[in-house]
Amino acid sequence: MEMMMNTRNINAAGRPQTIRTARESVRALYERCQSRSKARAFERHLKTFANTSVCYVAVNGISMPMPR
């Protein structure tokens, strides 16, 4: 019968995590995920707008792109 070994890395020199530090790390992880999803959504919109056909309209001497 084989003994199963614990393969987790344990930092014995590190300080134990308190509730406050655990909440801070979870909050930081949540904010990173939110910013990534916002960046992906913005990138998706940019790609769809970049692939649309546009025509240019002159308004008061200023040429502006308008989607068709």
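Reader: In which strand is Tyr 56 found?
Author: This is a predicted model, and what follows describes that prediction. Tyr 56 itself is found in strand β1.

Reader: Is Tyr 56 buried or exposed?
Author: A residue counts as exposed when its relative accessible area is over 50%. Tyr 56 has a relative accessible area of 59%, so Tyr 56 is exposed.

Reader: How many Å apart are Tyr 56 and Pro 67 in space?
Author: Along the sequence, Tyr 56 and Pro 67 are eleven residues apart. Taken from C-alpha to C-alpha, their separation in space is 8.6 Å.

Reader: Which helices and strands does the protein have, and in what pattern?
Author: The protein has one helix and two strands. The helix α1 covers 19-50, while β1 covers 54-59 and β2 covers 62-67. Read along the sequence, the pattern is α-β-β.

Reader: Where is Ser 53 found, and what is it in contact with?
Author: Ser 53 is found in the loop between α1 and β1. Its C-alpha atom is separated by 6.0 Å from that of Arg 68, although the two residues are 15 apart along the chain. Leaving aside neighbours within four places in sequence, the contacts of Ser 53 are Met 66, Pro 67 and Arg 68.

Reader: Is Asn 60 buried or exposed?
Author: Asn 60 lies in the loop between β1 and β2. Its phi is near 55 degrees, a positive value in a residue other than glycine. Its relative accessible area is 76%. The cut-off for exposed is over 50%, so Asn 60 is exposed.

Reader: Which strand gives the largest share of the nonpolar patch?
Author: The nonpolar surface patch is about 400 Å² and is made by Val 57, Val 59, Ile 62, Met 64 and Met 66. Both β1 and β2 supply at least two residues each. The largest share is three residues, and it comes from β2.

Reader: What percentage of the residues count as buried?
Author: The protein exposes about 7,200 Å², and carbon and sulfur atoms supply 59% of that area. To count as buried, a residue needs a relative accessible area under 20%. Of the 68 residues, the share that count as buried is 0%.

Reader: How many disulfides does the structure hold?
Author: A disulfide is a covalent bond between the sulfur atoms of two cysteines. Cys 33 is partly exposed at a relative accessible area of 41%, and Cys 55 is partly exposed at 28%. The number of disulfides in the structure is zero.

Reader: In which element is confidence highest?
Author: The protein averages a pLDDT of 79, and 78% of the residues score at least 70. Where pLDDT is low, the predicted coordinates should not be read in detail. Confidence is lowest in β2, at a mean of 84, and the highest value, 87, is that of β1.

Methods. Residues are numbered from 1 along each chain as its sequence is written. This is a predicted model: local features need pLDDT of at least 70, side-chain atom pairs count only at pLDDT 80 or more; totals for chains, interfaces and linings use all residues. Side-chain values use heavy atoms; hydrogens and water are left out. A disulfide is a pair of cysteine sulfur atoms within 2.5 Å. Buried means under 20% relative accessible area, exposed over 50%, partly exposed in between (1.4 Å probe, protein chains only). Helices (H or I, at least four residues) and strands (E, at least two) are DSSP runs, numbered from the N terminus. Accessible areas come from the Shrake-Rupley method with a 1.4 Å probe; for residues, only the protein chains shown count as cover. Patches are made of residues with over 30% relative accessible area and no salt bridge: like charges are joined within 9 Å, nonpolar side chains (Val, Leu, Ile, Met, Phe, Trp, Tyr) within 5 Å. A salt bridge is a side-chain nitrogen of Lys or Arg within 4 Å of a carboxyl oxygen of Asp or Glu. pLDDT is the predictor's confidence in each residue, from 0 to 100. Contact means heavy atoms within 4.5 Å.
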